[in-house]
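User: Please walk me through how to read this one, a feature at a time.

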Amino acid sequence: MNKLVALSLAIGGVGGIMTWIYTSTPLALSIPISFIAWACFVAAGGNNKALSSTITAWLWGAVVAWLTALVLIPNLGGLPAGLGVPASIAISVFVLVYGTKVKAFSLAPGAVYGYAAFFTAFLAGTDALQSASLGNPLILTALSGIAGAVLGMVALNVSASLGK
């Protein structure tokens, strides 16, 4: 089978199954989050190293965003002229990017995607920041990101077996 057809079938099939699982539960917001992590994994090389790099950087980004929402925004929100949230984001993005100096977090796009995915979930209303549930955007982002990266690997393996 043509490799592009095999890749298209694998991504479509695995993506469809993932979407079916998510829409059968209250996890529909996980669909875009998982697809972003999946794309990050593929862009990082689509191999075992890319899987671990994507997941660790993704988690770094999500944790930095969670700390921003939990600590910085509430404490800097009172700055004049609406500068609290922008200052919080500026500080946390500096920490986010500087933290990619650590080898485990060095996939900067993965860290940024995890950070952005967290705020997508947070702004969509999953704002139980201290809850040990999927209502906590950190937990939702972390689990959806890990699932997306792993499903990306599954799709590439299916594609490789079809495209021989």
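**Reading the helix packing**

Analyst: Start with who touches whom: from helix 2, Ile-33, Ile-36, Ala-37, Cys-40 and Phe-41 meet Ala-50, Leu-51, Thr-54 and Trp-58 of helix 3. Contact here means heavy atoms within 4.5 Å. Sorted by class, this contact of helix 2 with helix 3 has 8 nonpolar residues, 1 polar and no charged. The classes are nonpolar (Ala, Val, Leu, Ile, Met, Phe, Trp, Tyr, Cys and Pro), charged (Asp, Glu, Lys and Arg) and polar (the others, Gly among them).
Before we go on, this is a predicted model, where local features need pLDDT of at least 70, side-chain atom pairs count only at pLDDT 80 or more, and totals for chains, interfaces and linings use all residues. Residues are numbered from 1 along each chain as its sequence is written, and side-chain values use heavy atoms, with hydrogens and water left out.

User: How many helices and strands are there in the chain?

Analyst: Elements are DSSP runs numbered from the N terminus: helices are H or I of at least four residues, strands E of at least two. The chain has 6 helices and 0 strands, so from the N terminus the order reads α-α-α-α-α-α. Its C-alpha trace spans about 60 × 35 × 25 Å along the principal axes. Take contacts between residues at least 6 apart in sequence: 64% of them join residues at least 24 apart.

User: At what angle do helix 2 and helix 3 pack?

Analyst: Axes are lines fitted to C-alpha atoms, for helices over the stretch in contact, and angles run from 0 to 180 degrees between N-to-C directions. Helix 2 (residues 30-43) and helix 3 (residues 48-76) have axes 9 Å apart, at an angle of about 135°. That is why the two, helix 2 and helix 3, are called oblique to each other (under 35 degrees is roughly parallel, over 145 roughly antiparallel, 65 to 115 roughly perpendicular, the rest oblique).

User: Which residues of helix 5 meet helix 6?

Analyst: Axes first: those of helix 5 and helix 6 (residues 137-162) come within 9 Å and cross at roughly 130°. Helix 5 is therefore oblique to helix 6. In helix 5, Gly-114, Ala-117, Phe-118, Ala-121 and Phe-122 meet Pro-137, Leu-138, Leu-140 and Thr-141 in helix 6. By class, that contact of helix 5 with helix 6 holds 7 nonpolar, 2 polar and no charged residues.

User: How many aromatic pairs are there?

Analyst: A ring pair is described by the distance of the centres and the angle of the planes. Rings of Phe, Tyr and Trp (its six-membered ring) pair with centres within 6.5 Å; planes under 30 degrees apart are stacked, over 60 edge-to-face, the rest tilted. The count is 7 aromatic pairs. One of them, Phe-118 with Phe-122, is stacked, at 5.9 Å centre to centre and 15° between the planes. Both sit in helix 5 (residues 108-123), 4 residues apart, about one turn of the helix. Ring pairs also join Tyr-115, Phe-118, Phe-119 and Phe-122 into a cluster.

User: Is Phe-118 buried or exposed?

Analyst: Go by relative accessible area: buried is under 20%, exposed over 50%, partly exposed in between (1.4 Å probe, protein chains only). Phe-118 is buried at 0%, and Phe-122 is partly exposed at 22%. Of the chain's 164 residues, 38% count as buried.

User: Where is Ala-81 placed?

Analyst: Ala-81 lies in the loop between helix 3 and helix 4 (84-98). Ala-81 is exposed, at 74% relative accessible area, and its phi is near 60°, a positive value in a residue other than glycine.
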